[in-house]
Amino acid sequence: MSKLHLVFGGRVKNPQFLEFEDLSKLDVVGFYADYASAEKAWRAAAQRSVDDAEMRYVVVHMHKLLEPDLEA
C-alpha cells in the first residue's frame, strides 16, 4: 500500500486548537503519495495564510487510518 497523505485546512474557532468553524468550507489541497510532497503542499498552503492566525492547514497520514496494523 502506498503511503497516502491528505493536506487540508480551514478557519478554526480557536487558534490553539484544531476545531474547524465550518466543515463545508474546508480547503482540500490534495492527496499525495509521500510525506515530502504533502509537506511541500502544506507549507505552500500555510504560507498563503500566514497573516491569518485562524487559518490552519494539516497533513493527515491516511495510510495510518486505513491500515493501522501495518504501522507496528
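Glu54 is partly exposed in this predicted model, with a relative accessibility of 32%. The side chain of Glu54 meets that of Arg11 in a salt bridge, with N to O at 3.4 Å. This pair links distant parts of the chain. Arg11 sits in strand β1, whereas Glu54 belongs to the loop between α1 and β3. The two residues are 43 residues apart.

Arg11 has a further partner. The side chains of Arg11 and Asp52 also form a salt bridge, at 2.8 Å from N to O. Asp52 lies in the loop between α1 (35-48) and β3 (55-61), and Arg11 lies in β1 (residues 5-11), so this contact ties together parts that are 41 residues apart in sequence.

Accessibility was then computed for these two residues. Arg11 has a relative accessible area of 32% and is partly exposed. Asp52 is at 25%. The cut-off for buried is under 20% and for exposed over 50%, so a value in between is called partly exposed. Asp52 therefore counts as partly exposed.

Another salt bridge pairs Glu19 with Lys13. Their closest N and O atoms are 3.1 Å apart. Glu19 is partly exposed, at 46% relative accessibility.

Shared partners join some of these contacts. Arg11, Asp52 and Glu54 form one network of salt bridges. A pair counts when a side-chain nitrogen of Lys or Arg is within 4 Å of a carboxyl oxygen of Asp or Glu. By this rule, the model has four salt bridges.

Notes. Residues numbered from 1 in each chain as written. Predicted model: local features only at pLDDT ≥ 70, side-chain atom pairs only at ≥ 80, totals over all residues. Heavy atoms only, no water. Helix = DSSP H or I, 4+ residues; strand = E, 2+ residues; numbered from the N terminus. Buried < 20%, exposed > 50% of the residue type's maximum accessible area, 1.4 Å probe, protein only.
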